[in-house]
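This briefing covers one chain. Please look over the sequence and the coordinates before reading the points that follow.

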Amino acid sequence: MTDISSIISEIERLPHFRTFTCRDCSAEIRVHALQIYAVCPRCGVRHKCRAFGAVGTELQDVIDAVLTWSGEGEAFEAVMKRRQEILADEGDHDA
Ligand SMILES: [Zn+2]
């Protein structure tokens, strides 16, 4: 069982994008970390990029859960407000 602080630091280190090699034609394919499927731009083969199941086991599943939890309307607006606060706070550290 992974504790919350290590999940947080792993998410902070998770790259937004990664590349992998198409198993059929060896083309390089760039995908976003949350992308479940990618179609090879050269040969058109569809690749599954995540272990997507009913019960998630990847960091990306944690992010999906947060996105789902973010909700809509007033709840989502509150989440976006918090996001702005976090980004503004990070900007302060850079200065
Ligand atoms: Zn391909």
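Are helix 1 and helix 2 roughly parallel or roughly perpendicular to each other? In this predicted model, helix 1 (residues 4-13) and helix 2 (residues 59-69) pack at an angle of about 95 degrees. An angle of 65 to 115 degrees counts as roughly perpendicular, and helix 1 and helix 2 are therefore roughly perpendicular to each other.

**Helix packing**
- The axes of helix 1 and helix 2 lie 10 Å apart.
- On the helix 1 side, the contact is made by Ile 7, Glu 10 and Ile 11.
- Helix 2 contributes Leu 59, Val 62 and Ile 63 to this contact.
- Sorted by class, the contact of helix 1 with helix 2 holds five nonpolar residues, one charged residue and no polar ones.

**Strand pairing**
- Strand 1 (residues 17-21) runs antiparallel to strand 2, which covers residues 28-32.
- Five bridges join strand 1 to strand 2.
- Phe 20 has Ile 29 of strand 2 opposite it.
- Six residues separate strand 1 and strand 2 in the hairpin that they form.
- In the turn of this hairpin, Ser 26 has a positive phi of about 70 degrees.

**Overall layout**
- The chain contains three helices and four strands, and their order along the sequence is α-β-β-β-β-α-α.
- The chain is more spread out than a compact globule, because its radius of gyration is 17 Å, well over the 12 Å that the globule rule gives for 95 residues.
- Along the principal axes, the C-alpha atoms fill a box of roughly 45 × 35 × 30 Å.

**Confidence**
- The average pLDDT of the chain is 91, and 91% of the residues score at least 70.
- Among the elements of the chain, strand 2 has the highest mean pLDDT (96).
- The lowest mean pLDDT among the elements (91) belongs to helix 3 (residues 73-94).

How values were computed:
Residues numbered from 1 in each chain as written. Predicted model: local features only at pLDDT ≥ 70, side-chain atom pairs only at ≥ 80, totals over all residues. Axes fitted to C-alpha atoms, helices over the stretch in contact; angles between N-to-C directions. Helix = DSSP H or I, 4+ residues; strand = E, 2+ residues; numbered from the N terminus. Parallel < 35°, antiparallel > 145°, perpendicular 65-115°, else oblique. Contact = placed C-beta atoms within 7 Å. Nonpolar A, V, L, I, M, F, W, Y, C, P; charged D, E, K, R; others polar. pLDDT = per-residue confidence, 0-100. Pairing = 2+ DSSP bridges. Rg over C-alpha atoms; globule rule 2.2 N^0.38 Å.
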